[in-house]
Amino acid sequence: MPRGRPAAAVAVIESESEEDVDETLTQNQTQSLTQAQRATAQLSPEVVERKVGELVQFLLIQEQKKVPVKRSDISKNVLEKEYRACFPAILERAKVKLREAYGLDLTELQQTSGKSTKKQYILLNNISSDAQANFVDSSSEDPKVGLLFIVLGLIFMQGGVVNEAVLWHFLGKLGIDGDEKNHDIFGDVKKLLTQEFTRQLYLEYTRIPNSEPPVYEFRWGQRSNASVSKMRILKFISETIFNMEPSVWLSQWQEACGAEGIPADAGAPVVESD
C-alpha cells in the first residue's frame, strides 16, 4: 500500500457534508490516540511534518483573530477526510510544537448547545505572568484592551455577573456611551462588547431566563477565565478607576489571592484596635 494516506481513511463516508463534520468528530471520539498513531505511522515522515506545520500555522493565524477554532474548521482547512483517522495524533504533535516553539498552550473548550457538546480550541500564553509584559500596558496601543479590562473588572467586583443596564451606566460615567455607533476609538460600542468580545470568548452575554422585556447579563468568558489574572484585574480596576489599594476590597482580594496561590493576608489592610 503506498505511503502518504492513512489506511483508516476508507472508513470515512464520502458523502458527508461539511456541516456534519463537527458532529461526526464529536460522535466518533472512541478512537484512541494509539489508533491514531498507528494510522499516522502509515504516512511518510515528510507528510506528517507537513500536516503538523500546516495545523500550527492555521492555529496561529486564527489566534490573531481571537476566534475559537472548531474541530470542523481544522478538518475542513488542514486535516481533510483522508487524514481524519490521524486527527488526535497530529493534534498532539501540533500541541508540542506550539508549546516548545511559541510558548503557547492549545486549550480545548467544550461548547454546549442543547443536548450536544462540541469541542473548540484556543491558544493561551504559557509563559509565567511575571515574565509577561503587562497586558494593561498594551491598552495604549490597543484601547480595546483597556475597555475589556474595565468590563472584566466591573464583572469581578460585582461577584462574577453584572446586569447590562448597570454596565452601561458605569461606562457612561467614564464617557463611553453604549448607544454610540461611531465612537472615535471603539466604533460600535455595544457591538464590540456583545458580539466581538463574546465571539472571542472574553465575555458571555446571556439573557436572564423568562425576563420580559428581555434583560441581559455579562460574565467572564472562557478565554478570560483561562488566561486573565484576577489579581491583575483587581489591581487595574482599583488603582485606575477607584484610586484605591486593591486589598481594600476584601472578598475580591481573597478570591484573587486564592487564584494566584498567595496568602490572603499579604498586603491586606491593617485594622487598628482602639
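Residues are numbered from 1 along each chain as its sequence is written, and side-chain values use heavy atoms, without hydrogens or water. Because the model is predicted, local features need pLDDT of at least 70 and side-chain atom pairs count only at pLDDT 80 or more, while totals for chains, interfaces and linings use all residues.

Three strands form an open sheet in the order S4-S6-S5, with antiparallel pairing. Helices (H or I, at least four residues) and strands (E, at least two) are DSSP runs numbered from the N terminus, and two strands pair if DSSP finds at least two bridges between them. Strand S4 (162–163) and strand S5 (203–207) are the edge strands; each has a single partner strand, so one side of each lacks a neighbour in the sheet. Strand S6 (residues 216–220) is joined to S4 by two bridges, and the two run antiparallel. Val 162 has Phe 218 as its bridge partner in S6, and Asn 163 has Glu 217. Between S5 and S6 there are five bridges, also in the antiparallel sense; Leu 203 is partnered in S6 by Trp 220.

Angles run from 0 to 180 degrees between N-to-C directions, and axes are lines fitted to C-alpha atoms, for helices over the stretch in contact. Helix H6 (residues 143–157) touches S4, S5 and S6, and its direction makes about 100 degrees with that of S6. Helix H8 (residues 189–199) touches S5 and S6, at about 110 degrees to the direction of S5.

Six aromatic pairs are present in the structure. Rings of Phe, Tyr and Trp (its six-membered ring) pair if their centres lie within 6.5 Å; planes under 30 degrees apart count as stacked, over 60 as edge-to-face and the rest as tilted. One of the pairs joins Trp 168 and Phe 218, whose ring centres are 6.3 Å apart with planes at 90 degrees, so the pair is edge-to-face. Trp 168 belongs to helix H7 (residues 164–173) and Phe 218 to strand S6, so that distant parts of the chain, 50 residues apart, are linked.

Most residues other than glycine have a negative phi, and most peptide bonds are trans. Leu 201, which is not a glycine, has a positive phi of about 70 degrees and is found in the loop between H8 and S5. The peptide bond from Glu 212 to Pro 213 is cis, with omega near -5 degrees, and Pro 213 lies in the loop between S5 and S6.

Terms used:
Contact means heavy atoms within 4.5 Å.
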